[in-house]
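Q: I am new to this structure and would like a close look at one part of it, the surroundings of the ligand.
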Amino acid sequence: MRLVILGGSGSGKSTQAQRLCRYFEIPQISTGEILRQAIAKVTTLGRHAQPYLAKGELVPDEMIIDLIRLRLKKADISCGWVLEGYPRTAFQAEELDFLLDNLGQKLDWAIYLQVPEAVMVSRSLGRSLPDDQPEIVHRRVEIFYDRTVPILEYYDRRRRLLTINGDRLPEMVEQNILTLLGVP
Ligand SMILES: Nc1ncnc2c1ncn2[C@@H]1O[C@H](COP(=O)(O)OP(=O)(O)O)[C@@H](O)[C@H]1O
């Protein structure tokens, strides 16, 4: 199973990605997590990415595309994967298709966790990540509407989009996803 999880800040993307990875026994690839770890370890990637995360801006496409290209070439992903936090722009979505074509892989579904803006904000403010201060959260939400929402149409046109109500308990959201994927 190859899945992309789409949703704004605080939509429950990482929670559902974790649950789906456990269910299908496949690795989770979370760009936010990879970047935060790189920053904590002060790697070259971390040093380049840090100023963007600190402001709630997206890191440049080339930086994240290189990261995904390398990650999808590793052996552990041969049985599938759940991508969370990528793609976030239309360009990244096109690049993913291009990359998957090259690898001879096909995306099964893009799962969009839809939650009201107020829920995104209040959930994000309730976390304690360094980039979860109010102005930064608001900027991330704004960028989500500007840059990521257009991707929904991209996947919808390709009949690859599943839209899920993310404003419910995590176990109900998961059950809803599994039902739509046609597994028990
Ligand atoms: N695909 C991506 N393209 C550009 N920037 C990204 C991408 N993925 C993660 N980032 C950077 O990492 C930050 C945190 O990502 P993530 O943990 O997915 O955030 P959240 O779930 O709170 O929206 C983003 O605000 C952005 O700066």
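Where is Gly 85 found, and what can be said about the residues around the ligand?

A: The model is a predicted one, in which local features need pLDDT of at least 70 and side-chain atom pairs count only at pLDDT 80 or more, while totals for chains, interfaces and linings use all residues. Residues are numbered from 1 along each chain as its sequence is written.

Gly 85 is found in the loop between strand S3 (81-84) and helix H5 (90-103), where helices (H or I, at least four residues) and strands (E, at least two) are DSSP runs numbered from the N terminus. Gly 85 counts as buried because it has 21 C-beta neighbours inside 10 Å; the term buried asks for 20 or more other C-beta atoms within 10 Å of the residue's own, whereas 12 or fewer make a residue exposed and values in between partly exposed, with C-beta atoms placed from the backbone. Leaving aside neighbours within four places in sequence, Gly 85 is in contact with Lys 13, Ser 30, Thr 31 and Gly 32, contact being C-beta atoms, placed from the backbone, that lie within 7 Å of each other.

Gly 85 is also among the closest of the 18 residues that surround the ligand, together with Ser 9, Thr 31, Gly 32 and Leu 58; a residue is near a molecule if its C-beta atom, placed from the backbone, lies within 6 Å of it. Helices H2 (31-40) and H3 (44-55) each supply at least two residues of this shell, and H2 gives the most, with 3 residues. By class, the shell has 7 nonpolar, 7 polar and 4 charged residues, where Ala, Val, Leu, Ile, Met, Phe, Trp, Tyr, Cys and Pro count as nonpolar, Asp, Glu, Lys and Arg as charged, and the others, Gly among them, as polar.

An unreviewed UniProt entry places the feature "binding site" at several positions, including Thr 31, Leu 58, Gly 85 and Arg 140; such annotations may be inferred rather than shown by experiment. Arg 140 has its place in helix H7 (residues 134-157) and is buried, because 23 other C-beta atoms lie within 10 Å. Apart from its neighbours within four places in sequence, Arg 140 is in contact with Ser 9 and Gly 56.

The "binding site" annotation of the unreviewed UniProt entry also covers Ser 11 and Gly 12, among others. Ser 11 lies in the loop between strand S1 (2-6) and helix H1 (13-24), and Ser 11 is buried, with 26 other C-beta atoms within 10 Å.

Methods. Two residues are in contact if their C-beta atoms, placed from the backbone, lie within 7 Å.
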